[in-house]
Amino acid sequence: MNNVKSTFSIKDLENLTGIKAHTIRIWEKRYNLLQPERTDTNIRYYSLSNLQKLLNISYLNSNGYKISKIAGLDNDGIRALVKDVAQNDATNNHALDAFKLSMLNFDQKLFYDTYNGLLKEKSFTEMFYEDLIPLLSEIGLLWQTDTITPAHEHFLTSLIRQKILINTEKIQAENQVTTDKIFVLYLPDNEVHELGLMLINYEIIARGHQSIFLGQSVPLNSLRDILGYYDDITFVSYFTVKPEKDQLEDYIKDFTEEILIKDSARLWVLGRMLEEIDLNSLPDRIIPFDTIKNLVKKL
């Protein structure tokens with residue numbers, strides 16, 4: 001069975017391209033840019049080729065091309081112009097659109113081609129901050145609005161995870177531990193969103209520190225076991241969906257009482273769930289960060 005999402009509502013197009021539904025309708029009526037079909041109840045729906053065309057139109061429009069000029073081109077002409085503009089474009093818009101299309105089509109080749117094209121222009125770290133983190137932010141919003149399915153998200157994140165692992169293995173082979181700093185990276189119980197933590201792991205190793213990556217869903221007693229092995233430990237975690245809002249205060253209290261019993265232990269933490277607590281009330285040795293970049297500056 002073909003599981004590729006092949007039809008889209010006008011709201012889907014708005015979410016995926018950033019172009020308001022009202023504007024899309026105007027472009028349809030005035031320039032005949034898209035040719036939607038209709039359901040039996042007269043509701044517009046759009047094909048994957050419509051979406052691809054609209055992404056290209058959005059890209060050209062954001063690069064200064066007027067809709068009236070774009071409308072005068074056929075599909076091949078639009079694609080050729082996009083390719084020409086993209087070769088001299090310093091922004092990441094075209095790459096983001098290509099990554100999104102690779103996800104919607106479950107197209108590994110398009111993902112790899114886009115990734116390898118970016119890698120010719122920038123380092124892996126630059127690509128992650130400039131392209132992949134904005135992409136992941138968009139994917140989260142698309143999932144929340146039901147524009148994409150969990151399968152789409154898993155497909156894309158598994159490919160990104162693969163690239164982080166490959167690059168981490170490469171620097172592990174090349175870099176030597178040059179400092180006494182010990183970082184223990186983990187996610188709380190039932191937390192599985194580990195891409196951000198994996199990038200932090202990469203950054204720690206790249207700077208010559210020792211990183212112990214424990215990964216997903218680690219109970220506090222496992223962290224307590226590590227305390228006996230090292231004198232100075234910085235735990236690093238990501239609270240994306242766990243602990244839940246009504247469990248956060250208890251988790252922080254338990255972490256303080258069970259893990260921060262050693263004066264040389266501390267916790268650096270990021271994630272969406274931090275928005276649910278008063279950061280000023282955190283214990284001194286629990287330090288929140290709003291971005292990976294800001295945490296990396298402290299390494």
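Predicted model: local features only at pLDDT ≥ 70, side-chain atom pairs only at ≥ 80, totals over all residues.
Colleague: Which residues line the largest cavity, and how many of them are nonpolar?
Modeller: The lining is made up of F239, I252, L267, V269, L274, L282 and I286. Sorted by class, this lining has no polar and no charged residues, and the count of nonpolar residues is seven.

Colleague: What is the volume of the largest pocket, and which residues are the closest to its centre?
Modeller: A pocket, unlike a cavity, is an open set of points, and the volume of the largest pocket is about 1200 Å³. Its lining consists of 36 residues, and the closest to the centre are L136, H193, Y238, T240 and R272.

Colleague: Which helix gives the largest share of the lining of the largest pocket?
Modeller: Helix 8 (124–144), helix 9 (150–174), helix 10 (195–206) and helix 13 (292–297) each supply at least two residues of this lining. By class, the residues of the lining divide into 18 nonpolar, 11 polar and seven charged. The largest share, which amounts to 10 residues, comes from helix 8.

Colleague: In what order do the five strands of the open sheet lie, and which are the edge strands?
Modeller: The five strands pair in the parallel sense and follow the order 5-4-6-7-8. From one strand to the next, the twist averages 20°. Each edge strand pairs on one side only, and the strands that do so are strand 5 (210–215) and strand 8 (286–288).

Colleague: Which residue in strand 5 stands opposite L185?
Modeller: Strand 4, which covers residues 182–186, pairs with strand 5 in the parallel sense over five bridges. The residue of strand 5 that stands opposite L185 is F213.

Colleague: Which residue is linked with D97 and K100 in a network of salt bridges?
Modeller: K100 and D97 form a salt bridge with an N to O distance of 3.8 Å, and both residues are buried. They are three residues apart in helix 6 (residues 93–104), so about one helical turn separates them. The residue that joins D97 and K100 in the network is E138.

Colleague: How many residues apart are R224 and E258?
Modeller: The side chains of R224 and E258 meet in a salt bridge at 2.7 Å, N to O. This pair links distant parts of the chain, with R224 in helix 11 (residues 220–226) and E258 in helix 12 (residues 248–258), and the two are 34 residues apart.

Colleague: How many salt bridges does the count come to?
Modeller: The rule asks for a side-chain nitrogen of Lys or Arg within 4 Å of a carboxyl oxygen of Asp or Glu. By this rule, the number of salt bridges comes to 15.

Note on methods: Residues numbered from 1 in each chain as written. Heavy atoms only, no water. Helix = DSSP H or I, 4+ residues; strand = E, 2+ residues; numbered from the N terminus. Buried < 20%, exposed > 50% of the residue type's maximum accessible area, 1.4 Å probe, protein only. 1 Å grid on protein atoms, 1.4 Å probe; cavity = no way out; pocket = protein on both sides within 12 Å on 5 of 7 lines; lining within 4 Å. Points joined across faces, edges and corners; volume = space filled by probe spheres on them. Nonpolar A, V, L, I, M, F, W, Y, C, P; charged D, E, K, R; others polar. Pairing = 2+ DSSP bridges. Axes fitted to C-alpha atoms, helices over the stretch in contact; angles between N-to-C directions.
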